[in-house]
Amino acid sequence: MAAIVTGLIPILRTAVDATATYKCRSLWFGLLCIRLVVLFFAELPFSKLDTDFTCNSSTPDVCTKACFNERFDKPMMVAWNFMFVVVVISVLLMELFTSHLRTMAQKRSFRMKADEKPEAQGTEEAQMVATAEGRGKMIIDLHKDRGTVGFYLLSIALRILVEACFLFLLLYWNLHALRDEHTCTREGCKYVCILRAAPEKRMSIYALASISGMIIACSVLFCIYSIVHYLCNA
């Protein structure tokens, strides 16, 4: 539970303390929080995967490990965590872009105020006004700039690609390895191996796949909405 809190704090702080916001920003950070919580609980059944795997072998130190490596020959938890990091990066791309837009807007506002009052006193007042405006939250209007919409859609497309790869990893790599029985085919290790609590582990895969599918559905729907609303009606 401490790991969840540690991971949620920076995400929630970024979502609340932002100086710029845009359409569906809270949705993406909310999905990140949900995914982090599900990822934490989904990894719990795999914490002792090596001890949950047993074979009817008289030489457990050799054949059991060989059969374990044969059955689990694809990455699991490390790949899940790496995919989560890439999803976070796809969200932070838009955050960096909005920070750039806010900086540019502040520079334009400062220059306009400085041009209107060239005297020293007027310039000082303009700096105070610009500073006061900088403390507020800027709302990005996607109707005004197609480039911003394009970059937003690019970050969402990256998220869809990562989630699709994650689904492939879950359903075609990991789920196959979580069957109840496994007959080891290693030379000299022809044994039958059993995985304890296999249904619970498969449920973790289904939970991660469900969250990933929900993120893909939300992202695709928002892409369609953005194209129709911001690009086609511009």
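Which hand does the disulfide of Cys55 and Cys193 have, right-handed or left-handed? The torsion about its S-S bond is about 100°, so this disulfide is right-handed. The pair links distant parts of the chain, 138 residues apart, with Cys55 in strand β2 (residues 53-55) and Cys193 in strand β5 (residues 192-195). Strands (E, at least two residues) and helices (H or I, at least four) are DSSP runs, numbered from the N terminus.

This is a predicted model, in which local features need pLDDT of at least 70, side-chain atom pairs count only at pLDDT 80 or more, and totals for chains, interfaces and linings use all residues. Residues are numbered from 1 along each chain as its sequence is written, and side-chain values use heavy atoms, with hydrogens and water left out.

With a disulfide taken as a pair of cysteine sulfur atoms within 2.5 Å, the count comes to two.

| Disulfide | S to S distance |
|---|---|
| Cys55 and Cys193 | 1.9 Å |
| Cys67 and Cys184 | 2.2 Å |

The torsion about the S-S bond of Cys67 and Cys184 is about -100°, so that disulfide is left-handed. Cys67 lies in helix α4 (residues 60-71) and Cys184 in the loop between β4 (181-183) and β5, 117 residues apart.

Burial is judged by relative accessible area: buried means under 20%, exposed over 50%, and partly exposed in between (1.4 Å probe, protein chains only). Cys55 and Cys193 are both buried, as are Cys67 and Cys184. Cys33 is also buried, with a relative accessible area of 11%, whereas Cys232 is exposed at 56%.
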